[in-house]
Amino acid sequence: MLNLPEVSVIMPSHNDALHLKEAVASVVAQTHTDWEIRLVDDGSNAAMAAQIRTLVAQYQAQGYAIHLHRHAKAQGAASARNTAIHAAKGRYIAFLDADDIWLPEKLAEQTRFMRQHQTAFSYTAYEQRLNNSVTGESQPLATVSAPQRLTHQDLLKGCVVGCLTVMYDSHQIGKRYMPQLPCSQDYALWLAILREHPEGRGLNKVLARYTRRPGSLSSNKWRKVKYHWMICRQQEHLSYWQSVLSLVQCTGHSLIKRYGRR
């Protein structure tokens with residue numbers, strides 16, 4: 001019988017070897033040790049790719065279950081995550097980007113929470129940090145709470161779920177993949193999951209830290225508006241006015257998510 005990991009950590013990286021070290025270290029530091037990392041180098045340049053290979057080899061030599069996959073050319077976050085999900089062996093699928101980190105109890109507390117509530121989709125509170133593009137340092141910005149419950153209808157009002165906090169149970173819902181969108185592909189996946197399953201459950205405890213960088217795709221407001229509209233119309237098949245309402249509600253939620261609780 002194969003000894004499969006309980007949790008598969010989905011980790012895309014593109015030319016970000018420096019921050020990747022911190023992200024991987026935060027997984028290695030987890031008190032819950034039954035995990036694997038599925039790391040996808042999404043077309044990094046030669047120097048960065050070499051650093052990633054070296055990092056992975058060092059952890060593999062210490063016996064850690066870190067598996068490296070590589071795209072010869074950059075295909076975007078959705079494709080990178082989907083490559084990792086396809087290869088994943090764990091029951092629980094969790095997400096961590098290369099410039100974010102988890103607190104040490106994240107996996108232990110969230111897997112326990114999911115078993116306790118028999119939920120297929122969960123998320124936690126998290127801290128936002130603002131990256132200084134000059135010094136490279138980050139500072140606390142806000143805390144984003146986790147709603148106790150989320151239905152599909154709730155989520156249409158805006159994504160209050162941080163990708164780095166999400167975990168889903170592939171035994172209950174199968175492997176679920178992200179739509180091929182340059183932006184908001186995680187939000188589109190959460191909507192697809194909750195369209196078919198009654199609700200998600202939130203663990204309102206800060207268990208992760210998200211780094212926001214000036215000029216990132218996720219910080220481009222107009223781009224997010226465009227893809228929110230596209231998701232409403234093309235994936236969720238909402239009417240024009242339902243889509244307008246969702247967009248207005250999403251704007252309010254974005255402000256809450258951006259500034260959180262000081």
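Contact here means heavy atoms within 4.5 Å. With that in hand, residues 24 or more positions apart account for 77% of the contacts in the protein with a separation of 6 or more. The model is a predicted one, and the protein has nine helices and ten strands. Of its 262 residues, 50% count as buried.

Helix α1 (residues 17-28) and helix α2 (residues 46-61) have axes that come within 10 Å and cross at roughly 20°. Because angles under 35 degrees count as roughly parallel, that crossing makes α1 roughly parallel to α2. The crossing is right-handed. On the α1 side, the residues involved are Ala17, Leu20, Lys21, Val24, Ala25 and Val28, and they meet Met48, Gln51, Ile52, Leu55 and Tyr59 of α2. Sorted by class, this contact of α1 with α2 has nine nonpolar residues, one polar residue and one charged residue.

Leaving out residues up to four places away in sequence, Ser13 touches Leu20, Leu39, Val40, Asp41, Asp42, Ser44, Ile52 and Ala98. Ser13 and Leu96 are 83 residues apart in sequence, while their C-alpha atoms are 9.9 Å apart in space.

Eight of its eleven residues are buried, so α3 is largely enclosed by the rest of the structure. The buried residues are Ala78, Ser79, Ala80, Arg81, Asn82, Ala84, Ile85 and Ala87. The elements that cover them include the strands β1 (7-13), β2 (35-42), β3 (66-71), β4 and β9, together with helix α7 (185-196).

Strand β4, one of the elements covering α3, contains Ile93. Ile93 is buried, with a relative accessible area of 0%. Apart from neighbours within four places in sequence, Ile93 is in contact with Ser8, Ile10, Ile85, Ala88, Val166, Met167, Tyr168 and Ser170. One of these, Ile85, belongs to the buried residues of α3. The C-alpha atoms of Ile93 and Glu6 are separated by 8.9 Å, although the two residues are 87 residues apart along the chain.

A pair of aromatic rings is described by the distance of the centres and the angle of the planes. The structure holds seven aromatic pairs. In one of them, the rings of Phe95 and Tyr168 have centres 6.3 Å apart and planes at 40°, so the pair is tilted. Phe95 in strand β4 (residues 92-95) and Tyr168 in strand β9 (residues 167-169) are 73 residues apart, and the pair links distant parts of the chain. Both Phe95 and Tyr168 are buried.

The rings of Tyr126 and Tyr210 also have their centres 6.3 Å apart, but their planes stand at 80°, so this pair is edge-to-face. Since Tyr126 lies in strand β6 (residues 121-131) and Tyr210 in strand β10 (residues 200-212), the pair ties together parts that are 84 residues apart in sequence. Tyr126 has 2% relative accessibility and so counts as buried. Elsewhere, ring pairs link Phe95, Phe121, Tyr123, Tyr168 and Trp190 into a cluster.

Two loop residues deserve a word on backbone geometry. Most residues other than glycine have a negative phi. Gln118, which is not a glycine, has a positive phi of about 50°. Gln118 is placed in the loop between α4 (106-117) and β6. With a relative accessible area of 69%, Gln118 is exposed.

Ser184 likewise has a positive phi, near 65°, in a residue other than glycine. Ser184 lies in the loop between α6 (170-173) and α7. In contrast to the exposed Gln118, Ser184 is buried, with a relative accessible area of 10%.

Note on methods
Residues numbered from 1 in each chain as written. Predicted model: local features only at pLDDT ≥ 70, side-chain atom pairs only at ≥ 80, totals over all residues. Heavy atoms only, no water. Axes fitted to C-alpha atoms, helices over the stretch in contact; angles between N-to-C directions. Helix = DSSP H or I, 4+ residues; strand = E, 2+ residues; numbered from the N terminus. Parallel < 35°, antiparallel > 145°, perpendicular 65-115°, else oblique. Left-handed = near helix turned anticlockwise from the far one by under 90°. Nonpolar A, V, L, I, M, F, W, Y, C, P; charged D, E, K, R; others polar. Phe/Tyr/Trp six-rings, centres within 6.5 Å; stacked < 30°, edge-to-face > 60°. Buried < 20%, exposed > 50% of the residue type's maximum accessible area, 1.4 Å probe, protein only.
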